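Work through the exercises below with the sequence and the structure at hand. Each task is followed by a solution in steps.

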Amino acid sequence: IARAIGREVALSSALDTRLITDLMAEWCLRHGQPVRITLQAETPLEFISGDGRQRLEMSAVDFVRVLAGREPSGSIPISPLLQTKALF
């Protein structure tokens, strides 16, 4: 909706943070690879799975868009891990 009306998505609430944290955890379980992912938001979020030898950094909004099968608004890292979709 934000993209359709030309506005940026603003993540700021504890609920937004909790939802994205849950999504990161599910995504890590699905691909099963060690990764350290840092998501930029009002408060940056970091999640480490395994030894974290693969590193990804991107916006939290683009992370959610990519896992939902939508186009990100910015550039995203090239990683086969981002091919792992989340089921909603």
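In this protein, residues 24 or more positions apart account for 35% of the contacts with a separation of 6 or more. The model is a predicted one.

**Exercise 1. The overall layout**

Find which helices and strands the protein has, and in what pattern they follow along the sequence.

Solution. 
- Step 1. Count the elements: there are 2 helices and 3 strands.
- Step 2. Read along the sequence, and the pattern is α-β-β-β-α.

**Exercise 2. Size and surface**

Compare the radius of gyration of the protein with that of a compact globule of 88 residues.

Solution. 
- Step 1. For 88 residues, a compact globule would have a radius of gyration near 12 Å.
- Step 2. The value for the protein is 13 Å, which agrees.
- Step 3. Along the principal axes, the C-alpha atoms fill a box of roughly 40 × 25 × 25 Å.
- Step 4. Of the 88 residues, 34% are buried.

**Exercise 3. Helix α1**

Check the length of helix α1 (residues 14-31) against 1.5 Å a residue, then work out where its buried residues lie.

Solution. 
- Step 1. The 18 residues of α1 should span 26 Å, and the C-alpha atoms at its ends are 26 Å apart, so the two agree.
- Step 2. List the residues of α1 with under 20% relative accessible area: Ile20, Leu23, Met24, Trp27, Cys28 and His31 are buried.
- Step 3. Seen down the helix axis, these buried residues fall within an arc of 135°, so they line one face of α1.
- Step 4. An α-helix has 3.6 residues a turn, so residues three or four places apart point the same way.
- Step 5. Look at the other side of α1, where Ala14, Leu15, Arg18, Leu19 and Leu29 are exposed.
- Step 6. Find the partners of the buried residues: they pack against β1 (35-40), β2 (45-49), β3 (54-59) and α2 (60-67).
- Step 7. Just after α1 comes Gly32, with a positive phi of about 70°.

**Exercise 4. Helix α2 and Asp62**

Decide whether α2 is enclosed or open, and find what Asp62 touches.

Solution. 
- Step 1. In α2, the buried residues are Ala60, Val61, Asp62, Phe63, Arg65, Val66 and Leu67.
- Step 2. That is 7 of the 8 residues of α2, so the helix is largely enclosed by the rest of the structure.
- Step 3. The cover over these buried residues includes α1, β1 and β3.
- Step 4. Asp62 lies in α2 and has a relative accessible area of 4%, so it is buried.
- Step 5. Not counting residues up to four places away in sequence, Asp62 touches Pro72, Ser73, Gly74, Ser75 and Ile76.
- Step 6. After α2 comes Gly69, with a positive phi near 85°.

Methods. Residues numbered from 1 in each chain as written. Predicted model: local features only at pLDDT ≥ 70, side-chain atom pairs only at ≥ 80, totals over all residues. Heavy atoms only, no water. Helix = DSSP H or I, 4+ residues; strand = E, 2+ residues; numbered from the N terminus. Expected span 1.5 Å × (residues − 1). Buried < 20%, exposed > 50% of the residue type's maximum accessible area, 1.4 Å probe, protein only. Arc of directions from axis to C-beta. Contact = heavy atoms within 4.5 Å. Rg over C-alpha atoms; globule rule 2.2 N^0.38 Å.
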